[in-house]
Amino acid sequence: MFFYQLKNELWKLFGKKRTYMGFLMLLLAQLLIVGLLRYYPPAHHSIARTVERSGFIGERYLSMLTIATIMAVVLAYTMLPLYVALIGGDLVSKEAEDGTLRMILSRPVSRVRLLCLKWLAGFVFAIVLVLALASGGMFFCGLFFPVDGGLFAQVPGQDLGIFNFADGLGRFFLAHIFLIVKAGTIMSLAFMFSCFNMKPAAAAILALSLILLDRILMEIPYFQDLKECFLSYHLNIWQVFFQPHIPWWQVGESTGILFGFNLTFLIIGLAVFQVRDIKS
Amino acid sequence: MISLRHVQKNFGARLAVDQLDLEVQHGEIFGLLGHNGAGKSTAIGMMLGQVWPTGGDIRICGFDVTVQRQHALKKVGAIFEAPVFYDYLSGWRNLEILSHYTAPTPAKRIREVIDWVGLTGREKSKVRTYSHGMRARLALAQALLPQPELLILDEPSDGLDPEGIHEMRQTILRLHQEFGLTILLSSHLLNEVEQLCTRIAVLNRGKKVFDGTLAEATQKQNWVRLRVGNFDSAIEQLRAAELISGARDQKLISLNDGVGTDQIVSFLVGRGMAVFEIAPQDETLEDFYLELMKPRAH
């Protein structure tokens, strides 16, 4: 029964065109970035010089994995949060706005069950979007750059990560698995707001504003000692997989904290939705 | 099937439903009447567990809907005004999605219901291509899928053309006759209520102002049409003789209990007044409803 209901939630989510807007724009952005990096010489010369300054052969690391990682870092801060927030913000409030929620709630389904189904569907969307980001990145970068080169990762605030192809591929996929956690958490935040009596766009904007504010506060030098208290610090845990040594304790801690945040967002959403009057 | 006791709903400082008592018995078609904002939809929302009551007790099929919603709504179907669906999905998929919130529904049952409402051939088309009438049929189909015993219809004819309204009326009668469903019908269309319902309740500003059979409503006051030379003078004398209890519109009088029209005629003729016409006035539901809605001085 739960499986059928989840399948139906996924039908609702993936049956509408606006769901695919995120995928389409993500793929277009990837194509644009990879095209510029390939055909604008100063860009890839700059990457090669940075690699060479670190004592490695630039050409060897100007590869599919390196470029796909650059793209992933850029898109994980910009388009990914936007699209997961839009979908998360839609999940409840769009149905309330359209009136379909009233149709559902004339059925003997509990509000808790309904929200859990919707949250799961949102999480599935986050997984699929990150998978599209990873596979699209690999595909486009593979078209324009050598496939078997190593991975050179220069993430701000982290040690340089330089890996051969096999290690690099593993790091790339591990990072994307944890990028799902980031996408899922932002989706959960927007989902929580969508359980309030507000427009879908308002829920998405509110979630994105909070993420942005959190990020800005974390970046202010005076608050450096507090950075572990900010959500953004834990959301970016996926990036540590591009460091030479993976700080597993930090990964475990941040994953646990993000799990807690997700649970909190879900519980607040449930509590708010439970006491709400659903009217036309 | 439906039992409301002292139900109250406040939205902030606004009182939407005030101490509402309602009983809908098994097998009847019960009409819920009232102006816009009278509290009909709020009352229906509370019956379906969509709106939380501020106070009172709501039982559907014997279960308290605020604590045992799943049990209470197991055998309930509902249709709302201007039915909305997932327009980008087919009618079939919509039915599948909505019915699965009650229980897994076999394709055979969905096919049966689609046939019954007359949507065969269009079930695989996207709902956005449906006319308003087809949406109404789809709404009916989704309400019938769980094989309900109670059907709650909130303005089901809203937005339909005259043919659509007629069709919906016939369908409601068929549902009642073929399946013996108990039906709660909230409507603005007094004509529709008059033709369908056996009992009605009228809400005015959240308060129930009438609850009874249609016959009781239309015969509540025994109005008689009277045409005489001087209506005001005749009324004055009839009142003095305690033969009537009221008069209105310069043509209608309400007789006191036990008084017949023959007594009125002989009384007036005996006082030298010419009586041109005297006949019982058929009170329609509309007359009754409008009379109920008139603001009264306290």
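Contact here means heavy atoms within 4.5 Å, and by that criterion, among contacts in chain B between residues at least 6 apart in sequence, 66% join residues at least 24 apart. The structure is a predicted model, in which local features need pLDDT of at least 70 and side-chain atom pairs count only at pLDDT 80 or more, while totals for chains, interfaces and linings use all residues. Residues are numbered from 1 along each chain as its sequence is written, chains are lettered from A and ligands numbered from 1 in the order in which they are written, and side-chain values use heavy atoms, with hydrogens and water left out.

Chain B has 11 helices and 14 strands, these being DSSP runs numbered from the N terminus (helices H or I, at least four residues; strands E, at least two). Along the principal axes, the C-alpha atoms of chain B fill a box of roughly 80 × 40 × 30 Å. Of its 298 residues, 53% count as buried, where buried means under 20% relative accessible area, exposed over 50%, and partly exposed in between (1.4 Å probe, protein chains only). The accessible surface of chain B, computed by the Shrake-Rupley method with a 1.4 Å probe, comes to about 13,400 Å², and 49% of this belongs to carbon and sulfur atoms.

Helix H10 of chain B, spanning residues 261-270, has Ile264(B), Phe267(B) and Leu268(B) as buried residues. Seen down the axis of H10(B), the buried residues fall within an arc of 90°, so they line one face of the helix; the arc is that of the directions from the helix axis to the C-beta atoms. The face of H10(B) turned away from this buried side carries the exposed residues Asp262(B) and Gly270(B). The cover over the buried residues of H10(B) includes strand E11 (223-228), helix H9 (231-240), strand E12 (244-248), strand E13 (252-255) and strand E14 (275-280) of chain B. After H10(B) comes Gly272(B), whose phi is positive, near 80°.

Helix H9 of chain B contains Ile235(B), which counts as buried at 8% relative accessibility. When its neighbours within four places in sequence are left aside, Ile235(B) is in contact with Ile244(B), Ala247(B) and Ile253(B). Between Ile235(B) and Arg5(B) there are 230 residues of separation in sequence and 43 Å in space, C-alpha to C-alpha.

Helix H3 of chain B (residues 91-99) is mostly covered, with nine of its nine residues buried; among them are Trp92(B), Arg93(B), Glu96(B) and Leu98(B). What covers the buried residues of H3(B) includes H1 and helix H7 (100-104) of chain A, together with helix H4 (107-117) and helix H5 (132-144) of chain B.

A pair of aromatic rings is described by the distance of the centres and the angle of the planes. Rings of Phe, Tyr and Trp (its six-membered ring) pair if their centres lie within 6.5 Å, and planes under 30 degrees apart count as stacked, over 60 as edge-to-face and the rest as tilted. By this rule the count comes to 17 aromatic pairs over all chains. One of these is the tilted pair of Phe14(A) and Phe125(A), at 6.2 Å centre to centre and with 40° between the planes. This pair links distant parts of the chain, since Phe14(A) lies in helix H1 (residues 2-14) and Phe125(A) in helix H8 (residues 111-144) of chain A, 111 residues apart. Phe14(A) is partly exposed, with a relative accessible area of 22%, whereas Phe125(A) is buried, at 0%. In Phe193(A) and Phe196(A), the ring centres are 6.4 Å apart and the planes stand at 40°, so the pair is tilted. Phe193(A) counts as buried at 11% relative accessibility, while Phe196(A) is partly exposed at 28%. Ring pairs also link Phe14(A), Tyr20(A), Phe23(A) and Phe125(A) into a cluster.

Elsewhere in chain A, Ser254(A) lies in helix H12 (residues 248-275) and is buried, with a relative accessible area of 0%. Apart from neighbours within four places in sequence, Ser254(A) is in contact with Tyr233(A), His234(A) and Ile237(A). By contrast, Met21(A), found in helix H2 (residues 17-39) of chain A, is partly exposed, with a relative accessible area of 42%.
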